[in-house]
Amino acid sequence: MMPMAAFSARGESRAPWDRVLVTGGAGFLGSHLCTRLLAAGAEVDCLDNLSTGRAEKVAHLSGRPGFRFLERDVSEPGCAEALPGPYDLVLHLAGPASPAARPERPVDVLDAGSVGTRTALAVAGRDGARFLLASSPPVCPDGGDVPDDADPVRPHSACAEAVRFAEALVAAHAGAHGANAGIVRLFTGYGPGMRTDGAGTPAAAIAQALAGRPVTVPGDGSRTHPLCYVDDMVDGVLLIAAGRSVRPVDIGGDEEPTAAEIARLVIELTGSGSPLAFVEDTGAGYVQPRPVTGFAREIFGWLPSVTWQDGLERTVAALHGRPDPVPTATGETAEERAGEWWA
């Protein structure tokens, strides 16, 4: 077991870092992290090229002492030199979130996973900082436990290959160079201000219900989703960042409501008259792996505290009438959107 840093992610103690770089910081999880870190006393450089993030997501932090927003692409030449630091922690959240993320821009996806990750690692290595890669779980064939990533030219392969390479690069740096680098694999996160113009769960259901459209449910609605409320996800990321783990650590919900249960609760919470519409399950044949959170619990003391019902209630309350709201300053009820690989 590696020693735990004396740090409570919920802001009960000061952050163990003086200065932090958050790549992809103008997205859903990134803006939550920037907010929480500032509240814990750290200075934060938020780097984002705004390809999927939005400047307004961190607008509430503008002008606060210790916060700086940098509109740059971490994959572009010269980016490292534009980040003088020195940093104590580099959180790398800039990259693809899922196999469906930015399918029309596969080169950008691959650059983010390769060049972008190498740049972020170089900055951390230069400053002797802890490095943490925010990654995503593989998608496996139904009934199997081997990721379906053997064919590099299959549809949406760019994301799978980018994620796999980024993780291999981090592991190589930790092994060959002794870098203090780790990986956190983030499963389905949601919360107030999440993006509602995508197809993910529960974002799509909320958007449909708020618009009064039929709330679509794939297949017979029995597919389950291990939802993780954003505040719990932020806790997990920061606790892992405060440790020295090299091996990938899963952070995700321990409850697994079905798609039908999620849709029905969303309709109830929004007060919508939307009917349920069962549609073809385009993801049939594949299964999203469940998070294995034992390591996060036993070593880092991480425990999700928000039930999926309470989380959805908070999310809908924040989004009702405000499809794209701005976060609060505390981070506890921040209203941010779900971006791509948390960017």
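Helices here are DSSP runs of H or I, at least four residues long, numbered from the N terminus. With that settled, this is a predicted model, and I will start with the chain and then turn to one residue.

The chain has 343 residues, and 54% of them count as buried. Its secondary structure comes to 8 helices and 13 strands. On contacts: taking those with a separation of 6 or more, 80% are between residues 24 or more positions apart. The accessible surface is about 13800 Å², and carbon and sulfur atoms hold 54% of that.

Next, confidence. Mean pLDDT for the chain is 83, with 79% of residues at 70 or more. Two stretches need a caution. Over residues 1-6, pLDDT stays under 50, and the model has 11 contacts beyond four places in sequence for them. Residues 142-146 also stay under 50, and there the model has 7 such contacts. Where pLDDT is low, the predicted coordinates should not be read in detail.

Now the residue. Where does threonine 119 lie? It is in helix 2, which covers residues 106-127. Is threonine 119 buried or exposed? Its relative accessible area is 13%, and the cut-off for buried is under 20%, so threonine 119 counts as buried.

Which residues is threonine 119 in contact with, leaving aside its neighbours within four places in sequence? These are Val74, Cys79 and Ala80.

To recap on that position: threonine 119 is a helix 2 residue, it is buried, and its contacts beyond four places in sequence are with Val74, Cys79 and Ala80. That is all I have.

Key:
Residues are numbered from 1 along each chain as its sequence is written. This is a predicted model: local features need pLDDT of at least 70, side-chain atom pairs count only at pLDDT 80 or more; totals for chains, interfaces and linings use all residues. Side-chain values use heavy atoms; hydrogens and water are left out. pLDDT is the predictor's confidence in each residue, from 0 to 100. Contact means heavy atoms within 4.5 Å. Helices (H or I, at least four residues) and strands (E, at least two) are DSSP runs, numbered from the N terminus. Buried means under 20% relative accessible area, exposed over 50%, partly exposed in between (1.4 Å probe, protein chains only). Accessible areas come from the Shrake-Rupley method with a 1.4 Å probe; for residues, only the protein chains shown count as cover.
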